Amino acid sequence: MDLLLFITAAAHIVYTPFTKVEESFNLQAIHDILYLRHNFTEYDHHEFPGVVPRTFLGPLFISILSSPFILLFETLHISKYWSLYIVRLVLAAVVTCAWTKLKRVITKIYGSDVSLWFSLITLTQFHFIFYMSRTLPNIMALPLVLYALAYWLNDQIKPFIICSGIAILIFRSELIIFLGLLVLINSLFKKVTIARILKIAIPTAIVILITSIAVDSFFWQRLLWPEGEVLWYNTILNKSSDWGTSPFLWYFYSALPRAMAASLLFVPIGFILERRVRPIVLAAIGFVAIYSILPHKELRFIIYVFPVLNLAAATACHRFWSNSGKSLWHGFLSLCAGGHLLLNVCVTLFLLIVSGTNYPGGAAMTRLNLLEAGSSNVSVHISNLAAQSGVSRFLQIHDNWSYCKREQMNYTKDESLAYTHLIVEAKNKFNNQLWSSLQEDFDTLEFVDCFNNIGIQYNSIMPIKIKTKACLAILKRKPGRGPSDVTKKESKKRKKKSITEQTPEESVEKPTKKTKKPKEVSKEISSEHQEISEGKLNNLDEENVVSKPKDKKKKKKTHQQKENVQPDVNVKSEQADRVTNEEEKLESEQNTDNISQESMEQSNKSEEEKQEKEIDIEEAIISKEMVDNEATKTEELDIQLVNDEIPKTLDETTENTEEQNEEEISQPSSKIDPELSTLLSSAVSLEDDNDAIVSTVESYEEQDLVQSKENTDTPHKEINFEELRNLALGQVNRKTKATKLKIRRLIEQHFRSKGKHIENDSQEKLNTKPVEKVSAKQSVKAIIKQERIKEMIEQISTMDLTKMCNLEKVSTKDCLKSVIDKIDAQTQS
């Protein structure tokens with residue numbers, strides 16, 4: 001069984017060889033001791049010291065045990081990548097030896113059958129074996145705790161106090177709660193006196209403190225006691241809460257059930273049936289309860305109590321199994337005792353598969369080493385996420401490569417010149433917004449996926465599916481985009497400038513024309529448009545008056561004038577002047593119209609005034625939307641002027657909306673549903689999540705089924721590329737929400753075209769009579785279908801369609817349909 005525990009731990013190491021940020025200090029320290037040796041100034045902790053200092057005694061011990069294998073690897077020229085496996089296997093072997101010592105004591109006290117059940121329960125659980133090879137401070141202390149528990153069960157007080165002192169003063173100070181409770185129990189049962197405890201503990205503590213201060217002060221280059229600083233920072237100052245907090249009972253309802261799996265059900269039974277395990281189980285539960293006062297909680301903080309709780313569960317299983325032949329009930333209990341091990345195995349396999357997706361940084365670094373194995377003089381920048389999820393110095397296997405983990409990296413063009421490769425964070429495979437500034441200089445070699453969520457699949461043998469998403473991307477600099485190439489281009493530009501520079505005589509001979517720059521023209525036009533829009537809004541707010549149809553015709557004229565902007569600078573300036581003149585006329589005519597309307601309103605009767613006020617309020621909302629549309633057009637015009645591009649065609653959707661607005665203004669206001677207007681206004685204030693969007697669509701369709709019946713097969717408006725662009729950039733407003741609604745209807749069309757049923761489909765709602773809502777549970781398939789639609793909306797909302805479709809030849813709607821087909825095919829495969 002001892003060898004089987006080590007083999008199981010080795011299997012976990014092979015499947016998940018990389019480490020997280022919590023393990024980085026001890027792992028980097030082991031690497032530096034093994035490979036840098038006397039070159040202390042190059043040690044990793046000088047550049048990345050961490051929040052609090054940690055002791056070097058644990059890494060020194062593991063390095064000494066690993067050094068023979070490392071020397072053999074250096075002799076045989078084996079890559080130090082495999083040294084990572086050696087270090088973790090050595091640590092797992094140390095923990096296995098301590099666990100074997102505890103198991104032998106259990107055999108001596110409780111018998112071989114209880115020891116067998118103790119071994120089986122431990123082997124079928126996930127977290128203890130998963131963590132026993134990881135270079136965490138808790139795991140460095142775990143062997144000492146296991147030895148201390150074995151000595152306590154065997155009534156060996158002196159070695160128990162020595163092991164407890166080393167674990168508390170060097171590695172984890174919180175262990176004073178757990179091991180102190182065991183000492184308190186012994187003193188209560190008069191197995192040991194306080195005088196004898198102090199006689200052993202005081203000299204031991206002095207020796208341990210002197211050793212820790214001497215060794216760690218040498219490596220850290222200052223006088224310190226590492227665990228004392230950790231205790232002060234995490235417990236006294238409670239700074240550990242900056243990394244997250246959990247409820248008081250989190251260990252009991254979350255950590256222990258996940259770690260113990262089905263074996264947790266047998267712990268209280270063993271506590272009741274076996275009197276001899278009660279003291280040590282009480283100490284373990286008391287430690288968890290007291291340690292729960294600290295707000296910051298992690299499962300690894302209480303890993304020391306798992307063997308104790310497994311001992312209680314083993315005694316219960318042994319009792320059920322040995323009494324299986326007494327009655328049918330006892331046979332059923334013995335079957336439960338044996339069957340729960342199979343359940344533990346299933347949970348372990350599932351958690352192991354999930355954990356394999358949690359180290360994208362290590363996977364990305366390994367892939368880069370394989371992709372660029374023959375390259376030299378490579379300079380790699382490692383992002384923060386990659387450094388926290390698997391990248392370590394053991395993966396830096398090339399001596400002629402340079403590696404950088406600088407955290408203050410903004411990925412600007414100047415900063416990226418120093419690197420040939422980048423490992424950057426990615427939102428998904430279709431969105432390059434996080435490194436959009438690098439697309440000109442870098443190519444994407446590969447994406448690395450990581451854990452996203454757990455889904456349910458009803459059409460497969462395995463009902464649970466682990467879903468991943470791209471979270472890291474490996475970028476490589478394009479040929480001819482290096483620092484030397486950039487300097488050459490700059491020097492060529494300078495030469496051209498020096499050649500084109502004219503002498504004063506030449507400048508007198510050649511006539512010059514004063515023209516406005518495109519940027520200046522765009523600024524003037526945008527400022528004038530802002531003034532006009534502000535004037536309109538002020539008139540609307542003060543008088544609630546809408547401009548006459550004459551104004552609309554003039555808007556169309558100015559709109560057509562904006563279309564005919566030419567790339568020539570002189571033409572642009574002339575057209576800009578025309579636009580400003582027309583807009584000044586428009587503003588003056590608006591003022592005269594407003595004055596005339598005021599005089600007419602004063603002459604009307606009181607009843608007509610009330611009706612006209614209601615009409616003006618509704619029409620003001622529509623006219624404000626028209627002003628917003630003009631503002632968006634102005635921004636598009638400014639962008640086109642700056643880039644010296646000729647606008648080919650206007651957006652059909654904006655023209656349609658203007659015509660619709662004109663028709664709605666001319667129509668009587670009684671057709672406007674007040675409930676619909678309040679619903680749309682409330683939709684603006686909703687948070688940007690898919691659930692709110694779906695509910696808004698459903699409530700809108702229920703209130704206006706007749707009006708939307710003609711447009712059910714297609715979205716109400718053509719989806720504009722600029723709207724998708726704003727959606728991909730994460731902007732949250734009414735237009736982006738409307739774009740998501742349009743995307744949802746396209747997805748519904750996609751499913752309807754394939755003959756698939758959609759719960760809460762808008763087409764089905766139109767074909768059926770409206771009935772009152774009845775509270776009923778949706779089917780599992782319907783819930784899954786809705787979740788798939790939400791996921792597709794999330795993916796599409798973050799895509800850059802310019803990378804997937806040629807929008808000059810294909811419409812945005814057709815591009816979206818092809819994207820939806822691809823996403824649906826990927827999810828089905």
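Colleague: What covers the buried residues of helix H9?

Modeller: In this predicted model, the cover of those buried residues includes helix H4 (57-75), helix H8 (137-153), helix H10 (175-188), helix H11 (194-220) and helix H12 (226-236).

Colleague: What makes H9 mostly covered?

Modeller: Eleven of the 15 residues of H9 are buried. Among them are Ile 157, Phe 160, Ile 161, Cys 163, Ser 164 and Gly 165. Ala 167, Ile 168, Leu 169, Ile 170 and Phe 171 are buried in H9 as well.

Colleague: Why is Gly 165 called buried?

Modeller: The cut-off for a buried residue is under 20% relative accessible area. Gly 165 has a relative accessibility of 15%, so Gly 165 counts as buried. This glycine is placed in helix H9.

Colleague: Which residues is Gly 165 in contact with, leaving aside its neighbours within four places in sequence?

Modeller: Gly 165 is in contact with Ile 170 and Ile 208, once those neighbours are left aside. Gly 165 and Ala 201 are 36 residues apart in sequence, and their C-alpha atoms are 7.4 Å apart in space.

Colleague: How do you know that the span of H9 agrees with its number of residues?

Modeller: Helix H9 (residues 157-171) has 15 residues, which at 1.5 Å a residue should span 21 Å. The end C-alpha atoms of H9 are 21 Å apart, so the two values agree.

Colleague: What does the 1.5 Å a residue test give for H5?

Modeller: The 30 residues of H5 should span 44 Å, and the end C-alpha atoms are 44 Å apart, which agrees. H5 is also mostly covered, with 21 of its 30 residues buried. Just after H5, Gly 111 takes a positive phi of about 105°.

Colleague: Which residues touch the most other members of the largest nonpolar core?

Modeller: They are Phe 178, Ile 302 and Val 305, in a core of 125 residues. Helix H5 (residues 81-110) gives the most to this core, with 16 residues.

Colleague: Why is this core said to lie between domain 1 and domain 2?

Modeller: Domain 1 (1-357) and domain 2 (360-486) both give residues to this core, so it lies between them. A second, separate core has 13 residues, including Leu 746, Ile 796, Cys 815 and Val 819.

Colleague: Which residues does Ile 302 touch, not counting residues up to four places away in sequence?

Modeller: Ile 302 touches Tyr 251, Ala 255, Leu 256, Phe 287, Val 288 and Tyr 291 on that count.

Colleague: Why is Phe 350 called partly exposed?

Modeller: Partly exposed residues fall between the buried cut-off of under 20% and the exposed cut-off of over 50%. Phe 350 has a relative accessible area of 29%, and is therefore partly exposed. Phe 350 is found in helix H17 (residues 328-355). Leaving aside neighbours within four places in sequence, Phe 350 is in contact with Ile 454, Ile 464 and Ile 466. Of these, Ile 464 is 114 residues from Phe 350 in sequence, with the two C-alpha atoms 9.5 Å apart in space.

Colleague: Is His 77 buried or exposed?

Modeller: The cut-off for an exposed residue is over 50%. At 73% relative accessibility, His 77 therefore counts as exposed.

Colleague: Where is Asn 238 placed?

Modeller: Asn 238 is in the loop between H12 and helix H13 (250-260). Its phi is near 55°, a positive value in a residue other than glycine. With a relative accessibility of 29%, Asn 238 counts as partly exposed.

Colleague: What makes Lys 20 a charge over a ring?

Modeller: The distance cut-off is within 6 Å of the ring centre. Lys 20 lies over the face of Tyr 359, at 5.3 Å from the ring centre. Lys 80 lies over the face of Tyr 35, at 5.5 Å from the ring centre.

Colleague: Which residues form one aromatic cluster?

Modeller: Phe 25, Phe 40, Tyr 43, Phe 56, Phe 218, Phe 219 and Trp 220 form one such cluster. The count of aromatic pairs comes to 27.

Definitions and conventions: Residues are numbered from 1 along each chain as its sequence is written. This is a predicted model: local features need pLDDT of at least 70, side-chain atom pairs count only at pLDDT 80 or more; totals for chains, interfaces and linings use all residues. Side-chain values use heavy atoms; hydrogens and water are left out. Rings of Phe, Tyr and Trp (its six-membered ring) pair if their centres lie within 6.5 Å; planes under 30 degrees apart count as stacked, over 60 as edge-to-face and the rest as tilted. A charge sits over a ring if NZ of Lys or CZ of Arg is within 6 Å of the ring centre and within 35 degrees of the ring normal. A nonpolar core is a set of buried Ala, Val, Leu, Ile, Met, Phe, Trp, Tyr and Cys residues joined through side-chain atoms within 4.5 Å. Buried means under 20% relative accessible area, exposed over 50%, partly exposed in between (1.4 Å probe, protein chains only). Helices (H or I, at least four residues) and strands (E, at least two) are DSSP runs, numbered from the N terminus. Domain bounds come from an automatic or database domain assignment. Contact means heavy atoms within 4.5 Å. The expected span of a helix is 1.5 Å times one less than its number of residues.
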